[in-house]
Amino acid sequence: MTTIKQMLAANKKWARDKKKEDPTYFKRASANQKPELLWIGCADSRVGPDQLVSLPMGSVFVHRNIGNLFATNDLNSLAVLEYAIDELNVPNIVVCGHYGCGGVRAAMSHSGIQPVDLWLDQVRFIYHRHAAELDNLSEKERWDRLSELNVEAQVHNICRNTIIREAWKRGQKITVIGLIYDIHDGELKKLGIEFDSLDAWEKHYSTK
Ligand SMILES: [Zn+2]
């Protein structure tokens with residue numbers, strides 16, 4: 001249990017240091033939250049958004065799961081999106097995938113009936129939809145490309161959801177963007193998937 005002990009000790013030190021450098025920090029931080037981002041990312045321990053984007057505490061509303069999925073039948077994802085849009089008025093939604101994703105790899109390599117297999121079924125469907133492109137790639141390229149296609153599919157799932165469509169219709173400013181994080185060099189990369197209105201999204205997907 002050394003790790004838990006270390007974690008609690010580190011927390012004590014952090015809270016103490018924070019109060020020393022800014023005595024009203026926790027008073028302000030506990031008053032309310034006004035995040036600028038909803039981050040939908042993978043649960044992978046190497047891709048925590050707080051470290052990647054260096055934004056202060058209170059800036060990012062976070063939802064993470066294996067494979068950074070926004071499953072349209074997942075009450076958890078839907079509740080997060082609804083709360084972020086309707087209550088927090090978050091102006092930016094980021095779907096962030098990453099290269100080297102174990103979830104994407106598992107979806108490519110096997111299927112089964114364990115909970116994690118069932119959760120990743122959606123990634124398998126994405127693979128089948130793009131099999132013509134993916135089957136021509138090397139294994140590494142296929143893994144990377146499927147991670148990118150998965151991000152695109154999740155952005156699509158968000159944009160076709162009633163919660164965001166209604167918000168856009170009533171004039172709420174929300175940008176949805178798909179990014180991929182490269183665990184080898186620490187950089188976030190745009191995937192050319194970015195929508196700030198219902199029109200922009202419908203135009204893009206009508207050409208697909
Ligand atoms: Zn992952």
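Select Glu166 to begin: it is partly exposed, with a relative accessible area of 37%. This is a predicted model. Glu166 and Lys169 form a salt bridge, and their closest N and O atoms are 3.5 Å apart. Both sit in helix α10 (residues 162-169), three residues apart, so about one helical turn separates them.

Next, pick Glu133, Arg145, Glu148 and Lys189. Salt bridges with shared partners join these four into one network. Why might such pairs form? Side chains of opposite charge can pair when their charged atoms come close.

Go to helix α7 (residues 121-129) and select Asp121 and Arg124. Their salt bridge has its closest N and O atoms 2.6 Å apart. These residues, too, are three places apart, about one helical turn. Is Arg124 buried or exposed? Arg124 counts as buried, at 10% relative accessibility. Asp121 is partly exposed, at 26%.

Now select Arg105 and Glu139. They form a salt bridge, with 2.7 Å between the closest N and O atoms. Arg105 belongs to helix α5 (residues 102-109) and Glu139 to helix α9 (residues 139-159), so this pair ties together parts 34 residues apart in sequence. Arg105 is partly exposed at 30% relative accessibility. Glu139 is partly exposed as well, at 45%. In total, the protein has 14 salt bridges.

**Helix α1**

Move to helix α1 (residues 2-21), and find Arg16 there.

Leu8 counts as partly exposed, at 48% relative accessibility.

**A contact across the chain**

Select Leu78 in helix α4 (residues 75-87). Show its contacts beyond four places in sequence: Phe70, Thr72, Asn161 and Ile163. Leu78 and Ile163 are 85 residues apart along the chain, yet their C-alpha atoms are separated by 8.4 Å.

**Zoom out**

Show the whole protein. How many helices and strands are there? There are eleven helices and five strands. The C-alpha trace spans about 60 × 50 × 30 Å along its principal axes. Of the 208 residues, 42% count as buried. Colour by charge to finish: there are 27 positive and 27 negative side chains, and the centres of the two sets lie 7 Å apart.

Key:
Residues numbered from 1 in each chain as written. Predicted model: local features only at pLDDT ≥ 70, side-chain atom pairs only at ≥ 80, totals over all residues. Heavy atoms only, no water. Helix = DSSP H or I, 4+ residues; strand = E, 2+ residues; numbered from the N terminus. Contact = heavy atoms within 4.5 Å. Buried < 20%, exposed > 50% of the residue type's maximum accessible area, 1.4 Å probe, protein only. Lys, Arg positive; Asp, Glu negative; His and termini not counted. Charge placed at Lys NZ, Arg CZ, Asp CG, Glu CD. Salt bridge = Lys/Arg side-chain N within 4 Å of Asp/Glu carboxyl O.
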